[in-house]
Amino acid sequence: QGNKVYQVFTISAHGTSPKIASYALQMFVKCGDINKAIQVFEGVKEPNIVMWDQIINLCAERFPRKTIQLFDRMMSSKVTPDERIFTCVLPVIAKIGPEALETGKQAHKLIVQFKFDTNIFICSQLVQMYHKCGEPNKSIQVYDQMIANNVTLNRVPFMNILSVISSFGPEALEKGKQIHQQIIQRKFDSDVRVINSLMQMYNKCGEPNKSIEL
């Protein structure tokens with residue numbers, strides 16, 4: 001059935017209609033047929049944000065570099081991004097690592113521009129992305145900005161930033177202690193996963209006795 005729809009789509013005079021293309025793309029996304037989904041997407045002159053979301057999300061898990069290429073194209077287009085696109089692409093950038101750093105920085109600029117920098121999920125992924133891309137200092141800046149903006153936090157950003165602090169070792173101990181106080185203030189000091197991250201941080205930063213206390 002899917003192939004018949006695809007054949008109709010490809011020979012249709014309406015093949016460049018975003019509405020029809022979005023329907024066809026959604027069908028192939030649900031079927032997991034990446035090749036046909038990409039062919040449909042490439043046949044549209046001006047994809048809307050829904051189509052960008054669909055194709056990037058489909059490619060993210062299996063084709064990280066294709067995902068980055070698509071995201072770079074989206075940034076060059078006139079499409080206004082939504083929050084979903086960033087929650088999808090930031091983990092891909094983190095997975096690729098330093099070679100995708102510039103794309104990550106451009107994504108960060110858009111996140112600030114469109115005021116998504118108070119979204120807890122996006123901010124947490126930014127912390128992780130910069131860490132994986134070799135810029136831990138930038139991870140700390142993003143975290144500090146979250147605190148300054150009074151973003152409502154969950155355990156994830158604390159776990160992410162403690163991993164960053166651990167990578168620095170003893171030189172970041174004071175920052176680690178500061179984050180520990182913020183964890184207490186926000187009542188995450190009884191969260192088992194946060195405590196485990198704190199223990200690792202203190203151990204890596206040269207205070208194993210503090211790890212034992214926790």
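## Salt bridges in the model

A salt bridge is taken here as a side-chain nitrogen of Lys or Arg within 4 Å of a carboxyl oxygen of Asp or Glu. In this predicted model, a search of the whole structure finds 10 salt bridges. Among the residues involved, Glu42, Lys66 and Arg73 are linked in a network of such pairs.

## Pairs linking separate parts of the sequence

Arg65 forms a salt bridge with Glu99, with 3.0 Å between the closest N and O atoms. Arg65 belongs to helix H5 (residues 64–76), whereas Glu99 sits in the loop between helix H6 (83–96) and helix H7 (101–113), so the pair ties together parts that are 34 residues apart in sequence. Arg65 is partly exposed, at 46% relative accessible area, and Glu99 is exposed, at 60%.

Asp191 pairs with Arg155 in a salt bridge whose closest N and O atoms are 2.9 Å apart. Because Asp191 lies in the loop between helix H11 (173–185) and helix H12 (192–204) and Arg155 in helix H10, this pair ties together parts that are 36 residues apart in sequence. Asp191 is buried, with a relative accessible area of 15%, while Arg155 is partly exposed at 31%.

## A pair within helix H13

Glu213 forms a salt bridge with Lys210, the closest N and O atoms lying 3.6 Å apart. Both residues are in helix H13 (residues 208–213), three residues apart, and are therefore separated by about one helical turn. Glu213 is exposed at 62% relative accessibility; Lys210 is partly exposed at 26%.

## Asn160 in helix H10

Asn160 is located in helix H10 (residues 155–168). Its relative accessible area is 14%, so Asn160 counts as buried. Leaving aside neighbours within four places in sequence, Asn160 is in contact with Ser124, Val127 and Gln128.

Methods. Residues are numbered from 1 along each chain as its sequence is written. This is a predicted model: local features need pLDDT of at least 70, side-chain atom pairs count only at pLDDT 80 or more; totals for chains, interfaces and linings use all residues. Side-chain values use heavy atoms; hydrogens and water are left out. Helices (H or I, at least four residues) and strands (E, at least two) are DSSP runs, numbered from the N terminus. Buried means under 20% relative accessible area, exposed over 50%, partly exposed in between (1.4 Å probe, protein chains only). Contact means heavy atoms within 4.5 Å.
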